[in-house]
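Trainee: I would like to learn how to read a model like this one. Can we go through it feature by feature?

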Protein chains: 2
Amino acid sequence: MTQTSPAPLAADFFPADCPVQTVPVLGSRKWAWKIIRCLEEGPRRFSELRVPLAGITAKVLVESLRSMEQDGVVARTEYAENPPRVEYALTPLGRTLLGPMDAVCAWSREHLDSLLAARLEYERDDR
Amino acid sequence: MTQTSPAPLAADFFPADCPVQTVPVLGSRKWAWKIIRCLEEGPRRFSELRVPLAGITAKVLVESLRSMEQDGVVARTEYAENPPRVEYALTPLGRTLLGPMDAVCAWSREHLDSLLAARLEYERDDR
DNA sequence: GGTGCCGGTTACTTCAACGGTACCGACCTC
DNA sequence: GAGGTCGGTACCGTTGAAGTAACCGGCACC
């Protein structure tokens, strides 16, 4: 019962369905956030997406788009024209991601310097 | 110049120092968010953290804490007592992460169902 | 009929995070 | 001196995202 210690943490501190548990889409997919940004203004074609996503390979872009499609944040529309045209767009669900994304981006804009500085200092001190 | 297409995306759409570029800490570290939540109310000891983070091994917890320490979001304090005591706490920088984290958690709470439903539907349709 | 574009696919490799097990050093108690 | 607690480290294996490179079918243009 010291005043410095908060209440102890229980083993079930995180419920089984805790949202932070499965933070989906966002984590693990390196390109997902950028892709969402690229689709923010409207549908884009496959090769159109490759321009701003400099360095991405077709394979990784396809994989990322497929998994985002699977998660329901991106919709794929195929047009039987020629040359073949395929458009990717944000779904309504995908659009709801823009809010949290902005929050994280704002954080990053604001604090990235501190973070990088901390890394440098850590190297100096403890290496 | 069709009305369906937004302006084209330039190759330098993402500036080199784009915050989304290096979304640090948050991405890639599976346990980071949970650890931050555990430290929200105050400093915690190493073994105290292992309770709510059910299933984490000492090794992974150490790795995660080290990398978060390196990023300046967590501070490690060693007390020369016995048995040895080590406390981990959020730094002021670490605390600024709680805002964006809440935004993402709120999104997850609100839309996780839709996302999981989308996954099921994707399996049904395209498999 | 050869070339190129579009939107991919396939196979192979690399790499970092995660996971499992074992063990360690200091200090304590029995 | 045997065993326990605390906060780790060392070694090794697995997994999944990402990168590299080659190729493909359909159509248009020359």
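Trainee: Start with strand pairing. Which residue is the bridge partner of B:Arg76 in β3(B)?

Mentor: This is a predicted model, so keep that in mind throughout. To read a pairing, take one strand residue and find its partner across the bridge. Here B:Arg76 is partnered by B:Tyr88 in β3(B).

Trainee: How many bridges join β2 of chain B to β3(B), and in which sense do they run?

Mentor: Count the bridges, then check the direction. Strand β2 of chain B covers residues 74–79, and six bridges join it to β3(B). The two run antiparallel. A hairpin of five residues connects β2(B) to β3(B).

Trainee: Which other strand of chain B pairs with β3?

Mentor: Strand β1 of chain B, residues 44–45, does. Its pairing with β3, residues 85–90, is antiparallel and has two bridges. In that part, B:Arg45 faces B:Glu87 of β3(B).

Trainee: Now the two chains. What rotation superposes chain A on chain B?

Mentor: Look at the angle and at the shift along the axis. The rotation is 180°, the shift is 0.0 Å, and the RMSD is 0.1 Å.

Trainee: How many residues of each chain are in contact?

Mentor: Begin with the counts, then ask which elements supply them. For chain A there are 47 residues, touching 47 residues of chain B. On the chain A side, the elements giving two or more residues are α1 (32–39), α3, α4 (92–96) and α5 (98–126). The largest share, 15 residues, comes from α5(A).

Trainee: What classes of residue make up that side of chain A?

Mentor: Sort them by class. The side that touches chain B has 28 nonpolar, 11 polar and eight charged residues.

Trainee: Which element gives the largest share of the surface near DNA strand C?

Mentor: That is α3(B), with five residues. By class, the surface near DNA strand C holds 10 nonpolar, five polar and seven charged residues.

Key. Residues are numbered from 1 along each chain as its sequence is written. Chains are lettered from A and ligands numbered from 1 in the order in which they are written. This is a predicted model: local features need pLDDT of at least 70, side-chain atom pairs count only at pLDDT 80 or more; totals for chains, interfaces and linings use all residues. Helices (H or I, at least four residues) and strands (E, at least two) are DSSP runs, numbered from the N terminus. Ala, Val, Leu, Ile, Met, Phe, Trp, Tyr, Cys and Pro count as nonpolar, Asp, Glu, Lys and Arg as charged, and the others, Gly among them, as polar. Two strands pair if DSSP finds at least two bridges between them. Copies are superposed by least squares on the C-alpha atoms of residues with pLDDT of at least 70 in both. Two residues are in contact if their C-beta atoms, placed from the backbone, lie within 7 Å.
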